[in-house]
Amino acid sequence: MTLFGDKTQDGRKWSTSSVWVRTLLNDPAAFFTRASGLLGRVLQRAQLMIWSRSPLLSSAYYGLLSRTFAREHFAVMQGRLSHRQNQITPGGSSLQLRRNVHRLEKGLIMRPRRPVFAADYIVPTVAAYARLVEGLPRNPEALPEVEWARDVLQTYFDAVGPHADIDRARARFGSIEVPVEAGQRTPYRRDLERPTPVAYDAMLELAQRRRSVRWYLQQPVPRDLIDQAVAVAAQAPSACNRQPFTFRVYDDPALVRQVAEVPMGTRGFAQNFPAIVVIVGQLRAYFNERDRHVIYVDASLAAMSFMFALETLGLSSCSINWPDQEPQESRMRELLNLEADERVVMLVSLGYPDPTGEVPYSGKKSIDLLRSYNRQ
């Protein structure tokens, strides 16, 4: 809004300044309300122009004047601390082990393969493996991770040449007794002779069929179907195979209502969710703040696979954006009993779709707007 210029009102042409004067004379309260709003917008724009002039000024603003990113800063630091302590997650999984075993896999498939590699992290990798094996009686769910790590470590030690640290790790690995036999959970060649099980046309049709459904039949969703969809989600790519997320599923009606009311954007239809999933990222997967956004990338990849899988099982879903702000953060943290390094990524409602319910058309951008080649 400008203070000067022309404005048409009641068929007559008034300068903007004249309109302000008339408002002041006829309705002082409205004048001061409009003036304070204008002043606030002017000051906000001036503030943005000042603090956005450099990265240093922007950091100073968010460090001294705004606490918008304070929760993220705290969560990242808590995640780094947990990672350094090499904690085994509830249920039995070592995020350090997962990362390092995947690094070994990448070393094993390199062309050409180096005769000696991973010497700088093989000792802590075997130590993490030993801890996970020791915890198997308490966490039998960790067995698949132990089996995978055991096979890759064995393949690695068979392939790598002599080195002081590697030899020390090899000796300790050989002394660890595990209740599993050697398997084939190692790098392999894919069978490219077989055609893909899903043709492109079918994949495109599935993508077009999947829509954000907000109206569901009021009937329970079998947990085995949800688990099948999570099994598909587990195959999504993840940086260093850490899979730093969990799917927290709620199907108790009272809990569903409580969870669904926390995020914004669910008013008016949250009351009919048969089930809801909160996808939670775990920053403990990372030793460095450079990876602080990977939880959002990995969890989103898994979420998309999850929603596609639900559609093939006769279920529908709606992705729900998570507002990274108060009071939603505190309410969800208390409701889900989240750890300091755990961050909500998004929510997904799900259920059997109501055949009488409608969905938005949601026109998509054209390929030309979404894609470019070799753009500089």
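This is a predicted model: local features need pLDDT of at least 70, side-chain atom pairs count only at pLDDT 80 or more; totals for chains, interfaces and linings use all residues.
**Entry 1: H6 against H7**

I looked up how helix H6, residues 122-134, sits against helix H7, residues 143-159. The two pack at an angle of about 145 degrees, and I noted 11 Å between their axes. The crossing of H6 past H7 is left-handed. From H6, the contact uses Ile122, Thr125, Val126, Tyr129, Leu132 and Val133. From H7, I listed Glu145, Val146, Ala149, Arg150, Leu153, Tyr156 and Phe157. I then sorted the contact residues by type: ten are nonpolar, one is polar and two are charged.

**Entry 2: the nonpolar cores**

I next asked which residues have the most contacts inside the largest nonpolar core. They are Leu104, Ile122, Val126, Tyr129, Leu153, Tyr156 and Phe157, in a core of 29 residues. Helices H5, H6, H7 and H8 (164-175) each give this core at least two residues. I found another core apart from this one, with 24 residues, including Leu225, Ile226, Ile279 and Leu315. As background, I note that nonpolar side chains in soluble globular proteins tend to be buried together.

I followed up Phe157, which is on the H7 side of the contact with H6. Leaving out residues up to four places away in sequence, I found Phe157 touching Ile122, Val126, Ile166, Ala169, Arg170 and Phe173.

**Entry 3: Asp151**

Asp151 also belongs to helix H7. Is Asp151 buried or exposed? I count Asp151 as buried because its relative accessibility is 2%, and the cut-off for buried is under 20%. I then checked what surrounds Asp151. Beyond four places in sequence, Asp151 touches Glu181, Ala182, Gly183, Gln184, Arg185 and Thr186. With Arg185 there is a side-chain to side-chain polar contact of 2.9 Å. For Glu181, which lies 30 residues from Asp151 along the chain, I noted a C-alpha separation of 8.8 Å.

**Entry 4: Asn100**

I located Asn100 in helix H5, residues 95-108. Its relative accessibility is 4%, so I count Asn100 as buried too. Which residues does Asn100 contact, leaving aside its neighbours within four places in sequence? I found Tyr121 and Thr125. Thr125 had already come up in Entry 1, as one of the H6 residues in the contact with H7.

Methods: Residues are numbered from 1 along each chain as its sequence is written. Side-chain values use heavy atoms; hydrogens and water are left out. Axes are lines fitted to C-alpha atoms, for helices over the stretch in contact, and angles run from 0 to 180 degrees between N-to-C directions. Helices (H or I, at least four residues) and strands (E, at least two) are DSSP runs, numbered from the N terminus. A crossing is left-handed if the near helix is turned anticlockwise from the far one by less than a right angle, and right-handed if clockwise. Contact means heavy atoms within 4.5 Å. Ala, Val, Leu, Ile, Met, Phe, Trp, Tyr, Cys and Pro count as nonpolar, Asp, Glu, Lys and Arg as charged, and the others, Gly among them, as polar. Buried means under 20% relative accessible area, exposed over 50%, partly exposed in between (1.4 Å probe, protein chains only). A polar contact is a pair of N or O atoms within 3.5 Å; within protein, one must be able to donate a hydrogen and the other to accept it, and residues adjacent in sequence count only if both atoms are side-chain atoms. A nonpolar core is a set of buried Ala, Val, Leu, Ile, Met, Phe, Trp, Tyr and Cys residues joined through side-chain atoms within 4.5 Å.
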